[in-house]
Amino acid sequence: MEKRLNFSSCHFADSSLPVLPYIETEAMRSLGGMSLDYSDASMSPSSLAQNHWCNVAYWELRTRVGRLYPVHDSSLSIFYDLPQGTGLCLGLLPLSPRSTSVQRTRGKIGHGILLSKEPDGVWAYNRSQHPIFVNSPTLEHYPYLSLTVRRVMPGYSIKVFDYEKSCQIQPPSDLVHMEGPYDPNSVRISFAKGWGPCYSRQFITSCPCWLEILLNNHR
């Protein structure tokens, strides 16, 4: 597949971090083995003890909505409105008081993303009609001069976590650009709204709707 870089102007172009065009046929191939539905979020403790490669937390601003969602299959759709879709439907999560910005952003999630565990790492495919914004330890520039947030346009994908690079990560000495504890196995994805030095929102907890992907890698 031809690599088409789609980085925001706020970031250095790095050929080792491609944002690839997302083709729907690839998503269908990845979705073939998926059997999760929203009810899986309430699995029994014995089921939760089984091997899963990540947990997904959904946040609205500073509030986590719903419980952690364990992911056992190699791919997971996370969406608000996906006809006949299976996976994590954010529209079914418990209702809570929401600001106007949260309500507007929820309406932009649409078909959301496809999260896929592949041999070289974890990929996110943007299936929505709006950009997603991603921060990951393996996407950071070294040394940590500033927070790196990558914009992924609709129809594109990005490797949000690189297994090989993760083995070489050293904890940053300066956490001024981060909010909360540093986790070398955590990926953060915001729907429609960016954050960091290039945006008015400095921290992801100011973003209306966002995901925290807690990987079991090296835990």
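This note covers the salt bridges of a predicted model.

1. Basis. The model is predicted, so local features need pLDDT of at least 70, side-chain atom pairs count only at pLDDT 80 or more, and totals for chains, interfaces and linings use all residues. Residues are numbered from 1 along each chain as its sequence is written, and side-chain values use heavy atoms, with hydrogens and water left out.

2. Count. There are 3 salt bridges, a salt bridge being a side-chain nitrogen of Lys or Arg within 4 Å of a carboxyl oxygen of Asp or Glu.

3. Arg106 and Glu60. These side chains form a salt bridge with an N to O distance of 2.7 Å. Arg106 belongs to helix α3 (residues 100-109) and Glu60 to strand β2 (residues 54-60), so the pair ties together parts 46 residues apart in sequence. Helices (H or I, at least four residues) and strands (E, at least two) are DSSP runs, numbered from the N terminus. Arg106 is buried at 5% relative accessibility, and Glu60 is buried at 5%. Buried means under 20% relative accessible area, exposed over 50%, and partly exposed in between (1.4 Å probe, protein chains only).

4. Lys159 and Asp120. The closest N and O atoms of this salt bridge are 3.4 Å apart. Lys159 sits in strand β10 (residues 156-162), and Asp120 in the loop between β6 (113-118) and β7 (121-126), so the pair ties together parts 39 residues apart in sequence. Asp120 is partly exposed, at 33% relative accessible area.

5. Lys159 and Asp162. Their side chains meet in a salt bridge at 3.0 Å, N to O. Shared partners join Asp120, Lys159 and Asp162 into one network of salt bridges. Asp162 counts as buried, with 13% relative accessibility.
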